[in-house]
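Q: Could we go through this structure together, one topic at a time?

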Amino acid sequence: MNNQSKIEEMTITMGKFVSLIGKILPDDVMNKLTELRTQEDSRLATAIYSTMFENQNLARELNRPSCQDTGVIQFFLKCGENFPYIGKLEKVLTESVLYATENAPLRHNSVQTFDEYNTGKNIGKGTPSIFWEMIPDSDTLEIDAYMAGGGCTLPGKAGVLMPGMGYEGVTEFVLDIMTSYGLNACPPLLVGVGVATSVETAALLSKKALMRPIGSHNENERAAKMEQLLEDGINKIGLGPQGMSGNKSVMGVHIENSARHPSTIGVAVSTGCWSHRRGHIVFDHELNYTITSHSGVEL
Ligand code: SF4
């Protein structure tokens, strides 16, 4: 197969993958929802979980998106510096979104700002969003594909704290959001927190935190402890599934961090919803692929 044919095949593979993640939740999310259901004792909370699982079964059976808001498509790349198709990737990923929009199908969620019209393709200026990370001495490509809905993660919030506010200030920032508009997303939530040096670095880390598998922890033990403390605190709010009250509010709290200027603490929060539609796929240098987020699926 020549290079052009390989690229066309990769475009269709990614188009099918984006379509798939809108219909089938990743294994870690399904496992966590199953676990959380067992921790609820009210009839309302368990009935809502049952409806969620039925919704997932029907999405698979009827081949339809699991939520009507299929979001803005965002790609988080870890691209090996020796991956041979680097220059083609933006076009491949953009065209894969068009494929998924037509074939999944996906809701039309790309409105050109200022001109205020919907392109009808999920493609516009800057959409889909593509975030790059280059990996030295590697020839593989890892992609986290994510559907960012109008309730989940798009209404994130970032700010810069004075250093004297410390980690208490970070905690207050996160809990203020969780007790107010964090509820834009349908609980149980996956909470991504970025702790960095500025609004833009913290904001991107808060989104990357949501690409981590549920149950994983920050490699820094202090940060991991803060993840647990925040999880315990947010659970005490008692949101329950769909915010209708219950014992648990979150699927997890993930913190990603970077070094910071001594005079600032950048902090950001992005909240994923129970229908956390993300998928992880890895391509080798010959474009053979492996899906690691969803077991037992075929494209
Ligand atoms: S928050 Fe999630 S589940 Fe709720 S409407 Fe938005 S995409 Fe759907």
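This is a predicted model: local features need pLDDT of at least 70, side-chain atom pairs count only at pLDDT 80 or more; totals for chains, interfaces and linings use all residues.

Q: How is the chain divided into domains?
A: Domain 1 comprises 3-23 + 66-150 + 277-291, and domain 2 comprises 157-272. These bounds come from an automatic or database domain assignment.

Q: How far apart are the C-alpha centres of the two, and how many residues are in contact?
A: The C-alpha centres of domain 1 and domain 2 are 26 Å apart. Eight residues of domain 1 are in contact with nine residues of domain 2, where contact means heavy atoms within 4.5 Å.

Q: Which residues of the largest nonpolar core touch the most other members?
A: They are Leu-33, Val-170, Val-174, Met-178, Val-191 and Val-193, in a core of 40 residues. A nonpolar core is a set of buried Ala, Val, Leu, Ile, Met, Phe, Trp, Tyr and Cys residues joined through side-chain atoms within 4.5 Å. Buried means under 20% relative accessible area, exposed over 50%, and partly exposed in between (1.4 Å probe, protein chains only).

Q: Which elements supply at least two residues each?
A: Among them are α2 (27-38), α3 (43-62), α5 (166-178) and β7 (189-196). Helices (H or I, at least four residues) and strands (E, at least two) are DSSP runs, numbered from the N terminus.

Q: Where does this core lie relative to the domains?
A: Domain 1 and domain 2 both contribute residues, so the core lies between them.

Q: And what does Val-193 touch?
A: Leaving out residues up to four places away in sequence, the partners of Val-193 include Val-174, Leu-205, Val-253, Ile-255 and Val-267. There is also a second, separate core of 31 residues, which includes Ile-7, Ile-21, Leu-89 and Ile-143.

Q: Which residues of α6 are buried?
A: In helix α6 (residues 199-208), Ala-202, Leu-205, Ser-206 and Lys-207 are buried. These buried residues pack against β1, β5, β7, β8 and β9.

Q: Turning to the ligand, which residues are around it?
A: The shell consists of Cys-67, Gln-68, Asp-69, Cys-152, Ala-185, Cys-186, Cys-273, Trp-274, Ser-275 and Arg-277, each with a heavy atom within 4 Å of the ligand.

Q: How does that shell divide by residue type?
A: Six of its residues are nonpolar, two polar and two charged. Here Ala, Val, Leu, Ile, Met, Phe, Trp, Tyr, Cys and Pro count as nonpolar, Asp, Glu, Lys and Arg as charged, and the others, Gly among them, as polar.

Q: How many aromatic pairs are there?
A: There are three aromatic pairs. Rings of Phe, Tyr and Trp (its six-membered ring) pair if their centres lie within 6.5 Å; planes under 30 degrees apart count as stacked, over 60 as edge-to-face and the rest as tilted.

Q: Why is the pair of Phe-76 and Phe-131 stacked?
A: The ring centres of Phe-76 and Phe-131 are 4.9 Å apart and the planes are at 20°, so the pair is stacked. Phe-76 is in strand β1 (residues 72-80) and Phe-131 in strand β4 (residues 129-135), 55 residues apart.

Q: Finally, is Thr-127 buried or exposed?
A: Thr-127 counts as buried, at 18% relative accessibility. Thr-127 is in the loop between β3 (117-118) and β4, and beyond its neighbours within four places in sequence it is in contact with Val-72, Ser-110 and Asn-122.

Conventions: Residues are numbered from 1 along each chain as its sequence is written. Side-chain values use heavy atoms; hydrogens and water are left out.
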